[in-house]
Amino acid sequence: MIPADADELVTTQDIAEKYQANEATVTYWTTLPGFPEGWPAGPGRTLVREAAEVDAWLKENLPVHWAKGQDSDNPFGLPAGGPKDLVTLSDICAWEGKALGRSEPVPEGTLRSYMSKKPPKMPGPDRVPGDGKTPEVTERMWFRETAYAFVNRPRRMRRQTKAEEPPAGEQTPAAGSALPSRSATARTGHLDAHAIATTYGVSGQTARGWIRAAGFPEAGEHGYSAAEVDEWMRENRQRTWAKAQRRAELSGQAWAGSSATDEDAAVQRELAEPTASAEPATEAQGDRAQLTAEMIGPRYGVSEYTGLQWTNVKEKREGGKVVRQAFPAPRRTQPRTYDEREVDAWVEKHRPHVWAAFKGTGPALVHELPEGDPRDLLDINDFAEVLGMATRGEALARETVHAYHARGQIPFADRTADDGKKPRVFQDHWYRETVYRFVLSRRGPGRFGPRS
């Protein structure tokens with residue numbers, strides 16, 4: 001029955017057009033907890049909903065999509081001011097957080113990484129110290145119009161498939177119908193890191209890596225919103241999200257936090273929180289223990305993604321000499337399965353720092369750290385070379401260390417451009433002692449939070 005006080009009613013197609021999504025995406029939204037209920041109306045008995053309720057739900061749960069439907073050049077209500085007012089990076093971090101629906105600003109490292117990308121995702125500062133303009137500034141600053149153009153930019157969620165289509169091989173259910181997938185099991189409440197790992201079938205370390213990623217939903221008083229996490233997973237880890245759905249459909253298991261036997265819960269905890277020295281379950285093939293590709297990373301205390309990257313390492317030769325050995329070939333291809341002893345030998349030789357942490361024997365280096373004054377200044381290229389040579393025998397890519405820095409996985413730079421200290425530097429630099437202390441520290445999941 002249509003409510004008597006309904007002002008404007010919208011169909012799935014209307015919602016898709018207003019918020020610049022496609023109908024498959026809107027159909028997915030309808031499965032999330034709290035999305036306004038619909039009812040059939042009109043000659044074709046088309047499912048409709050109240051436009052105001054849909055808009056309010058999107059504003060609270062999916063602000064990036066909500067902003068696309070607002071007929072305004074300032075949908076997030078940013079403070080009024082003159083276009084040439086000067087604002088700081090911390091100001092922009094706060095506004096970017098507001099645009100993403102967060103209660104806290106995004107980390108400054110995230111925006112610095114946006115500026116370092118090619119092409120840049122964020123414009124560089126309009127004013128820098130010592131540029132000879134007035135008023136004089138002591139830090140990098142942006143005009144308000146530049147900052148607002150960035151915050152109010154058209155946004156696209158990362159790692160989308162074309163036109164935000166559902167994963168291949170999965171059918172999109174009709175609007176209003178019950179879904180057999182995990183996303184339709186009406187999850188309410190919140191998740192912690194352990195519940196996220198259990199829900200999506202990954203290690204605890206992998207789940208904590210997601211939580212640190214730019215754009216991941218902020219934790220509230222009771223943890224992470226289940227709906228926001230599921231949306232982020234669908235947009236950014238689509239393969240894992242699809243596997244979790246298929247796994248739930250095949251097993252009939254409920255979401256984490258629902259009723260389950262004590263034995264099931266114990267198994268889930270073991271899978272979700274492996275320790276660095278934990279020995280995961282292996283598949284027997286004759287008398288040789290086997291590891292699937294997804295088990296490799298968690299076995300050695302690194303992320304599942306890192307383990308999968310290792311499996312792609314190819315042989316490298318210089319002057320006819322093998323300087324990097326290829327990762328062992330899989331014993332089976334469906335699923336990819338590797339001989340445990342062959343993988344152990346490869347990790348021990350080519351990732352000695354990981355092997356040392358795995359065995360609890362302390363740091364092990366491929367090459368000794370070069371001598372030098374502890375207060376020498378090393379730039380990003382020096383950091384990449386020292387870290388790479390010490391841990392794997394070849395320099396890391398500059399972009400890799402930039403990414404580590406932005407994610408807080410290495411210490412923040414001791415010196416930054418035009419920080420007023422001597423000698424003057426024009427880019428990030430670290431003291432040699434800072435770099436060496438990090439290289440010699442035990443491997444961890446990233447202990448470097450926002451700079452205080």
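Is D419 buried, partly exposed or exposed? D419 is partly exposed, because its relative accessibility is 25%. The scale is this: buried means under 20% relative accessible area, exposed means over 50%, and partly exposed lies in between, with a 1.4 Å probe and protein chains only.

Before moving on, note that this is a predicted model, in which local features need pLDDT of at least 70 and side-chain atom pairs count only at pLDDT 80 or more, while totals for chains, interfaces and linings use all residues. Residues are numbered from 1 along each chain as its sequence is written, and side-chain values use heavy atoms, with hydrogens and water left out.

**Stop 1: salt bridges**

The term means a side-chain nitrogen of Lys or Arg within 4 Å of a carboxyl oxygen of Asp or Glu. R415 is buried, at 2% relative accessibility. Elsewhere, K316, E318, R324 and E394 belong to one network, joined by salt bridges that share partners. The structure has 17 salt bridges.

Next, select R375 and E433. This salt bridge spans 2.6 Å, N to O. R375 sits in the loop between α16 (352-359) and β14 (377-378) and E433 in helix α19 (residues 432-440), so the pair ties together parts 58 residues apart in sequence. Helices (H or I, at least four residues) and strands (E, at least two) are DSSP runs, numbered from the N terminus. Both ends are partly exposed: R375 at 46% and E433 at 27%.

Now select R432 and D376. Their closest N and O atoms are 3.1 Å apart, in another salt bridge. R432 is in helix α19 and D376 in the loop between α16 and β14, so this pair links distant parts of the chain, 56 residues apart. R432 is buried at 12%, whereas D376 is partly exposed at 27%.

**Stop 2: Y19**

Go to Y19, in the loop between α1 (12-18) and α2 (23-29). Y19 is buried, with a relative accessible area of 2%. What does Y19 touch, not counting residues up to four places away in sequence? Show W29, V54, D55, L58, H65, W66, K68, G69 and Q70. Contact means heavy atoms within 4.5 Å. Then pick K68: its C-alpha atom is 5.2 Å from that of Y19, although the two are 49 residues apart along the chain.

**Stop 3: E23**

Move to E23 in helix α2. E23 is partly exposed, at 42% relative accessible area.

**Stop 4: helix α5**

Select residues 89-99, helix α5. Which of its residues are buried? They are L89, I92, C93, W95, E96, G97 and A99. Now show what they pack against: α4 (63-68), β4 (86-87), α6 (108-116), β5 (142-143) and α7 (144-151). An α-helix has 3.6 residues a turn, so residues three or four places apart point the same way. Just after α5, click G101, which takes a positive phi of about 80°.

**Stop 5: D344**

Finish at D344, in helix α15 (residues 340-350). D344 counts as buried, at 14% relative accessibility. Leave aside its neighbours within four places in sequence, and D344 is in contact with R299, Y300 and W355.
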